[in-house]
Amino acid sequence: LELGHRVKFVSQVAAALLMIFMSKTYLMTFGNLFTFGDITFGILTIPLTIFCIVGITNAINMIDGLDGLAGGVSLVAAAAFAILSYLGGHWEYFLISLALCGAIIGFLRFNWFPALVFMGDAGSLFLGFSLVFLSIAITQIKGSIVHPVAALLILATPVSDTITLMLKRAMAGKSPFHADKYHLHHILVRMGLSKTAAVGAILFVSVIFAGIAVVGTVFEIPEHYLFMVFAAYFTAYFTTSFFLKEIMQFVLRSRVRARVQILLSHFEE
């Protein structure tokens, strides 16, 4: 049974409210991203927390387009949260993150290309919800050494992809939930990468950002520097998305020229 996006949205908001009021976990601050002091929300705390929970939950769901992709990105994020929880002494979240890593590894054994099993919406939404809970819980504890920007970096790949697509859909007068083939993994495949290579490329970027988040926490790199890393990536990705047609045409022409040269070299021989 496939539920409509409205039913899913209402269910996600309900789940977010349950998480907030049952676990007392909510987003109080984005941290000191611009050197002007911590960004706090006051009366907007609950609405912004719901917005972030629903947004990141769906971000993981939206990247579930290739075998092993959503699971792989989630594994990288869960492993990073486990490391940060250990560094911060948050043992309950450390154990939750480790358990999540174990579950994902067991699943990926059968979900890697060519997949034998698929997670579907139930699996990807569960992973997204679990990751956003960890990201808020670990960073919003008073006195935590883990800043909110670290969680943003860990989830940079799915978050940037989702924000970019939703903004472009809204600019085109379409529903933000309108399905299309312009996710990062779709683009990489159309540019000539195999499905496995596309997944590997995205996981590589995710590992880099997760590594920056961990290193930034260990060496106490100022939050605004870490935010600049995310902002640079998002700006580059968002800007590039407006030139996909030209980029793909360039790649296609380059591939055609390369094949012609190979054929000519064979004839010359």
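Is L87 buried, exposed or partly exposed? L87 sits in helix α3, and at 36% relative accessibility it counts as partly exposed. Here buried means under 20% relative accessible area, exposed means over 50%, and partly exposed lies in between (1.4 Å probe, protein chains only). Helices (H or I, at least four residues) and strands (E, at least two) are DSSP runs, numbered from the N terminus. The model is a predicted one, so local features need pLDDT of at least 70 and side-chain atom pairs count only at pLDDT 80 or more, while totals for chains, interfaces and linings use all residues. Residues are numbered from 1 along each chain as its sequence is written, and side-chain values use heavy atoms, with hydrogens and water left out.

L87 also belongs to a nonpolar surface patch of about 790 Å², together with I83, Y86, W91, I145, V215, V218 and F219. Patches are made of residues with over 30% relative accessible area and no salt bridge; like charges are joined within 9 Å, and nonpolar side chains (Val, Leu, Ile, Met, Phe, Trp, Tyr) within 5 Å. The accessible areas come from the Shrake-Rupley method with a 1.4 Å probe, and for residues only the protein chains shown count as cover.

Now for the inside. The largest nonpolar core has 59 residues, and F81, L131 and I154 have the most contacts within it. Helix α3 turns up again here, giving the largest share of this core with 9 residues. A nonpolar core is a set of buried Ala, Val, Leu, Ile, Met, Phe, Trp, Tyr and Cys residues joined through side-chain atoms within 4.5 Å. Setting aside residues up to four places away in sequence, L131 touches I60, S74, A77, A78, F81, L100 and L155; contact means heavy atoms within 4.5 Å.

T139 lies in helix α5 (residues 120-139) and counts as buried, at 8% relative accessibility. A polar atom of the T139 side chain lies 2.7 Å from the backbone oxygen of S135, and the T139 side chain also makes a polar contact with the side chain of Q140 (3.2 Å). A polar contact is a pair of N or O atoms within 3.5 Å; within protein, one must be able to donate a hydrogen and the other to accept it, and residues adjacent in sequence count only if both atoms are side-chain atoms. Beyond its neighbours within four places in sequence, T139 is in contact with S144, V146, H147, P148 and A151.

Helix α5 also takes part in the structure's 1 salt bridge. D121 pairs with K8, the closest N and O atoms being 2.5 Å apart. A salt bridge is a side-chain nitrogen of Lys or Arg within 4 Å of a carboxyl oxygen of Asp or Glu. D121 is partly exposed at 29% relative accessibility, as is K8 at 22%.

Most residues other than glycine have a negative phi, and most peptide bonds are trans. The bond from F113 to P114 is cis, with omega near -10°, and P114 is in the loop between α4 (91-111) and α5. K24, an exposed residue with a relative accessible area of 60%, has a positive phi of about 55°.
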